Amino acid sequence: EYMGEIKKFLENHANQEEWKVSKLKEHRRAFERMWLGFLKYKLPGSLYKKVLVILHDSILPHLNEPTLLMDFLTVAYDVGGAISLLALNGLFVLILQHNLEYPDFYTKLYSLLDPSIFHVKYRARFFRLLDLFLSSSHLPAYLVAAFAKRLSRLALTAPPDGLLIVIPFICNLLRRHPSCLVLIHRPNSPAEMPDDPYKMD
């Protein structure tokens, strides 16, 4: 059905002068308009995921104005679950290369950290992007500490193959941001604590 719509869309414009594709710029314009038209449809979940998987490297680099997909990606990022994880790649491109500003981006990223991340198909991709987003030395210590704390809690119930990812990840966070070492070593803290200070929010 959707491929039929794309074919019909292109056929309707095949004879128009501005849709000649003899030059790269015209190719890109046709490519961009086709995708913008296609993504206006409500896609089934499986197709939605397939689009998000290829969006960052097979679609965005070939658009004249990649920021036109900002709304599509931010809506996908707000969906939750695997859809949000897959939207991260495209958002990363827009944030890094096209100066996209996304309010409360790290709050949303933090909310994605739940036990299910160790069982999703795109786990490796998610942790790679999470590492990129937390790699900046300009991030405030409290923000990095919050992620380290949440990941440490998740590690307590993570499967063995998940531990192979999350423990080195936490170690790298602490090495990259030494001010967060107080999470694991606080010389002046009391010998015993009345309750757990690191309860999951």
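The legends below describe close-up views of helix contacts and annotated spans in a predicted model.

Residues are numbered from 1 along each chain as its sequence is written, and side-chain values use heavy atoms, with hydrogens and water left out. Local features need pLDDT of at least 70 and side-chain atom pairs count only at pLDDT 80 or more, whereas totals for chains, interfaces and linings use all residues.

**View 1. Helix 3 against helix 5.** The axes of helix 3 (residues 45–59) and helix 5 (residues 81–98) come within 8 Å and cross at roughly 25°, which makes helix 3 roughly parallel to helix 5 (angles under 35 degrees count as roughly parallel, over 145 as roughly antiparallel, 65 to 115 as roughly perpendicular and the rest as oblique). Helices are DSSP runs of H or I with at least four residues, numbered from the N terminus; axes are lines fitted to C-alpha atoms over the stretch in contact, with angles from 0 to 180 degrees between N-to-C directions. The contact (heavy atoms within 4.5 Å) involves Tyr48, Lys49, Leu52, Val53 and His56 of helix 3, and Ala82, Ile83, Leu86, Ala87, Asn89, Gly90 and Val93 of helix 5. By class, this contact of helix 3 with helix 5 has 8 nonpolar, 3 polar and 1 charged residues (Ala, Val, Leu, Ile, Met, Phe, Trp, Tyr, Cys and Pro count as nonpolar, Asp, Glu, Lys and Arg as charged, and the others, Gly among them, as polar).

**View 2. Helix 3 against helix 4.** The axes of helix 3 and helix 4 (residues 70–79) come within 12 Å and cross at roughly 120°, which makes helix 3 oblique to helix 4. Tyr48, Val51, Leu52 and Leu55 of helix 3 meet Phe72, Leu73, Val75, Ala76 and Val79 of helix 4, and the residues of this contact divide into 9 nonpolar, no polar and no charged.

**View 3. Helix 7 and its surroundings.** The axes of helix 5 and helix 7 (residues 123–133) come within 9 Å and cross at roughly 35°. In helix 7, Arg123, Arg125, Phe126, Phe127, Leu129, Leu130 and Phe133 are buried (under 20% relative accessible area, with a 1.4 Å probe and protein chains only), and the buried residues of helix 7 pack against helices including helix 8 (141–155) and helix 9 (160–176).

**View 4. The annotated spans.** An unreviewed UniProt entry carries the annotation "transmembrane region" for residues 75–96 and 129–148, although such annotations may be inferred rather than shown by experiment. In the model, residues 75–96 are 95% helix and 0% strand, with end C-alpha atoms 19 Å apart, while residues 129–148 are 65% helix and 0% strand, with end C-alpha atoms 15 Å apart.

Methods
Helix = DSSP H or I, 4+ residues; strand = E, 2+ residues; numbered from the N terminus. Buried < 20%, exposed > 50% of the residue type's maximum accessible area, 1.4 Å probe, protein only.
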